[in-house]
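Please work through the following exercises with the sequence and the structure at hand.

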Amino acid sequence: MNPQELKQVMSSGLLSFPITDFDAEGNFRKSTYIERLEWLAPYGATALFAAGGTGEFFSLTHDEYSQVIKTAVDTCAGKVPILAGAGGPTRSAIAFAQEAERLGAKGVLLLPHYLTEASQDGLVAHVEEVCKSVNIGVVVYNRAQCRLTPESLEQLADRCPNLIGFKDGIGDIELMVSIWRRMGDRFSYLGGLPTAEVYAAAYKALGVPVYSSAVFNFMPQLAMDFYHAVAKDDHATTNRLLDEFFLPYLAIRNRKAGYAVSIVKAGARLVGHDGGPVRAPLTDLTEEEHAMLDQLIKKQNVR
């Protein structure tokens, strides 16, 4: 799959980021990760992102990263394309991206670099170096320390033919409109705010109908139902699901920083697909919060 073919794949449908399975000691657990991917693949996500943010990329060693990506690529071969997370300092991001390409990933999601602030020139250089280190498609994640302007994206589009996607995790509508108006269909655009379903209709109105669903990890049918309702402008269904599930879900998620990942792992545990604990510096939900989430899931009577 060349970068332009990947761009076409990501121009429609629902995307998701599988959690990474750990055992009780926090070590990668390959067997249940395979089971998870085999369970999720048939539900119809357009692409899956292994070792992404929800997959706790930030806590994986290089060896673990290789195991996760290889397992995902091998398990999902012929079923659904796998993109791999890559990030950190530029040389580390390059090493991750090249390893993902070597292992057969169809593309890379370039996650924000860590800690340090950078100028637009520096951000452009960072993204460009990663793009030029591989031949597969790259999607850049605009979030946190990586906040690219329309002008910077235009430079990158000219210099990097394999930069085929832009994922927004900031939610600045003015910036998003400016990027869309300047770049048009040069990129595939992804909504990437957590929790994406709450923003889906607004982003669709902006010309960004594709988004990534964390809830797909533990309620894949509900996530697909919501996506199809948004696509059809079925406001009765989307409003009902927002009121009955997503807004109460956010009330639990917003109790602590980092719960955007923790609540997904809790949900997977509650529906019988336990992915183990989160790794520090994240923390798992409390027993009370688990009970709240369990009630919320059971009210939907759908997995």
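The model is predicted, so to speak of its local features a pLDDT of at least 70 is needed, side-chain atom pairs count only at pLDDT 80 or more, and totals for chains, interfaces and linings use all residues. Residues are numbered from 1 along each chain as its sequence is written, and side-chain values use heavy atoms, with hydrogens and water left out.

**Exercise 1. Aromatic pairs**

Task: Classify the ring pairs F17 with F49 and F187 with Y189.

Solution. 

Step 1. A pair of aromatic rings is described by the distance of the centres and the angle of the planes. Rings of Phe, Tyr and Trp (its six-membered ring) pair if their centres lie within 6.5 Å; planes under 30 degrees apart count as stacked, over 60 as edge-to-face and the rest as tilted. The count by this rule is 15 aromatic pairs.

Step 2. The centres of F17 and F49 are 4.4 Å apart and their planes stand at 20°, so this pair is stacked. F17 lies in the loop between β1 (14–16) and α2 (30–40), while F49 belongs to strand β2 (residues 47–50), so that the pair links distant parts of the chain, 32 residues apart. Helices (H or I, at least four residues) and strands (E, at least two) are DSSP runs, numbered from the N terminus. F17 and F49 are both buried, where buried means under 20% relative accessible area, exposed over 50% and partly exposed in between (1.4 Å probe, protein chains only).

Step 3. For F187 and Y189 the centres are 6.3 Å apart and the planes at 85°, so the pair is edge-to-face. Both F187 and Y189 are buried.

**Exercise 2. The surroundings of R279**

Task: With which residue does R279 form a salt bridge, and over which ring does its charged end sit?

Solution. 

Step 1. Side chains of opposite charge can pair when their charged atoms come close. A salt bridge is a side-chain nitrogen of Lys or Arg within 4 Å of a carboxyl oxygen of Asp or Glu.

Step 2. R279 forms a salt bridge with E64, and their closest N and O atoms are 2.6 Å apart. E64 is in helix α3 and R279 in the loop between α11 (259–270) and α12 (287–300), 215 residues apart. With a relative accessible area of 13%, E64 is buried; R279 is buried, also with 13%.

Step 3. The charged end of R279 sits over the ring of F22, 4.2 Å from its centre. This description applies if NZ of Lys or CZ of Arg is within 6 Å of the ring centre and within 35 degrees of the ring normal.

**Exercise 3. Two further salt bridges**

Solution. 

Step 1. R182 and E154 form a salt bridge, with closest N and O atoms 2.7 Å apart. At 39% relative accessibility R182 counts as partly exposed, and E154 is partly exposed at 31%.

Step 2. D172 and R147 meet in a salt bridge of 2.5 Å, N to O. D172 is in the loop between β6 (163–168) and α7 (173–183), and R147 in the loop between β5 (137–142) and α6 (150–159), so the pair ties together parts 25 residues apart in sequence.
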